[in-house]
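Hi,

Here is the model I promised to pass on.

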Amino acid sequence: MAVLDQTRTPVFTAVKQYIDAGIIPFHVPGHKQGRALPEFKEYVGEKVLAMDLTCVPGLDNICNPRDVIREAEELTAAAYGAEQAFFLVNGTTSGIQAMILAVCQPGDKIIIPRNAHRSALGGLILSGARPVYIEPAINTDFGISMGITPEQVEGALREHPDARAVFVISPNYYGTVPPLKEIVVVAHRYNVPVLVDEAHGAHLKFHDALPDSAMEAGADLAASSAHKLAGSMTQSSFLLLQGGRLDPKHIKAVLNLSQTTSPSYILLASLDVARKQMALRGRELLERTLALARWIRGELARIEGLAIMGDEVTHLPGCSYLDPTKITVNVQGLGMTGYEMETRLRQEYKIQVELSDLYNVLLLVSIGDDEETAGRLVAAFKAIAGERSRKNVIRFCPPLPAIPRMAALPREAFYSQTRSLELEQAEGEISAEAITAYPPGIPLVCPGEVITREIIDYVTLLKNEHADLQGTEDPEIKYIRVLKDTVSLHEHGLAGRVGLA
């Protein structure tokens, strides 16, 4: 196989050539290089709006790439060690949903972690697949979920040998990485493909001090958010494919069902340049990033009242590695919640963290950081901690309720007629919505599952702890939508057919 020239940027070069040629556009977009949007153009600049192009000769077509987009995707596949790559401009959400749609027909089983991203739930609804959930372990010190284990996957496949795929998160939001190679070995022994939500791992391939990427671990398909940690613009991602278990033509056909036919060439060009940069300079850039992350970790660890999640978590079930560029800072020892710390950092120090929860704030260190931004971050934590009296407030992470019985597929629940009911009165009803608690980021109930008293009481407990609860139309989670007619489900045998084994 010929070695590809990673210095090339086919899409970005074609866009620049189109602009430099001075072509007068009598095509969309209607802002005509920003002339119809002068206020916006004045702020963002002329070049950005000139780059906002459509599929015209010389720029290829994302639905059937045969020219510069195809070449850029081939370069990406080579850089990531994949056999084929697809550019995504609808975010990794579209990639995750395409992965599920590509392997599952209505009623097919897919083995999936209970803490999968909401985009995976969307994939279940769109495909009509039946989830076989695996519950990840909880790190009670930080109140967050870890990953799934090869033993859990083996047990699920033994019980459900007709499963069409195993879905894995690697790394998760907090940077914990499951034993992915071992999971892949187990799944492939059953000739089942492994799909990886690699939204937080687009940088892993480019430094040997980081955990294996999904392709390095042998996964069949991975959706990777280049915009999160590899430098491209928000909403731009890659879908990576290898092995012979999945047909690339079918993958592309599925993508064409949901991805826009009018891609942003600004996003496509940013993917092109980000791939070039990581392929040529990724190790150098990540070496500096890792050094910064180590320094930040060391400085924060010396601040009384803070606890930093470190390599000790790699001894827990479902966690073999920790990406050091994700820094989870537990602030309980300051008598604060993560939400309070996030607010103070933003309002008083003009620093925005990646997320906060009841216990922690999460910091993301990337190739875009430097000594100046790292220094300001550490100084802000030191200042806030210096003002606090040590309270060591204990907030507990109670055991999660059991996964409730599934009485309808997520797709069936989504498309059924529903009614709104007070959660307190919803025991025994079939939920049409999900309720997810942060921490630990695991759904308590998903569409199609029976609401139990245990779940209702757990939600009440978390509300009293001021935890973050999401998923229902009602932002206060006082009301929940439930299926209006559960009798017809039983009449058609759905409850028995899709109940969890």
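This is a predicted model: local features need pLDDT of at least 70, side-chain atom pairs count only at pLDDT 80 or more; totals for chains, interfaces and linings use all residues.

Residues are numbered from 1 along each chain as its sequence is written, and side-chain values use heavy atoms, leaving out hydrogens and water.

Back to α15 itself. The helix has 12 residues and spans 17 Å from first C-alpha to last, close to the 16 Å expected at 1.5 Å a residue (the expected span being 1.5 Å times one less than the number of residues). Its buried residues are I455, I456, Y458, V459 and L462, where buried means under 20% relative accessible area, exposed over 50% and partly exposed in between, with a 1.4 Å probe and protein chains only. They cover an arc of only 165° around the axis, which puts them on the same side of α15; the arc is that of the directions from the helix axis to the C-beta atoms.

What do the buried residues of α15 pack against? They pack against β17, β18 and β19, with contact meaning heavy atoms within 4.5 Å. The helix, residues 453-464, lies across these strands and runs at about 130° to β18. (Axes are lines fitted to C-alpha atoms, for helices over the stretch in contact, and angles run from 0 to 180 degrees between N-to-C directions.)

Those three strands form an open antiparallel sheet in the order β18-β17-β19; two strands pair if DSSP finds at least two bridges between them. At the edges are β18 (442-445) and β19 (468-470), each pairing on one side only. From one strand to the next, the twist averages 30°. β17 (residues 435-438) and β18 are joined by three bridges, and T436 sits opposite P443 in β18.

There is another open antiparallel sheet, this one of four strands in the order β11-β13-β15-β14. Its edge strands are β11 (307-308) and β14 (355-356), each with pairing on one side only. Helix α12 (residues 338-349) packs on this sheet, touching β14 and β15 (360-364), and its direction makes about 50° with that of β15. Two bridges link β11 to β13 (residues 326-330) in antiparallel fashion, and A307 has N330 as its bridge partner in β13.

In the loop between α12 and β14 you'll find K350, which has a positive phi near 55° without being a glycine. Is K350 buried or exposed? At 65% relative accessibility, it counts as exposed. I477 also has a positive phi, about 55°, and is not a glycine either. It is in the loop between β19 and β20 (479-483), but at 3% relative accessibility I477 counts as buried.

Now for β8, which is worth a click. Five of the five residues in this strand (194-198) are buried, so the strand is largely enclosed by the rest of the structure. Side chains in a regular strand alternate between the two faces of the sheet. Here both faces are covered, with V194, V196 and E198 on one side and L195 and D197 on the other. β8 runs parallel to β6 (residues 166-169), joined by four bridges, and V166 stands opposite V194. Four bridges also join β8 to β9 (residues 221-224), again parallel, with L221 in β9 as the bridge partner of L195.

Two cis peptide bonds to look at as well. One goes from V28 to P29, with omega near 0°, and P29 is in the loop between α1 (10-20) and α2 (38-44). Another goes from S170 to P171, with omega near -10°; P171 lies in the loop between β6 and β7 (176-177).

Finally, the whole chain. It has 17 helices and 20 strands, and buried residues make up 56% of its 501 residues. Along the principal axes, the C-alpha atoms fill a box of roughly 65 × 60 × 50 Å. Of the contacts with a separation of 6 or more, 73% are between residues 24 or more positions apart.

Cheers
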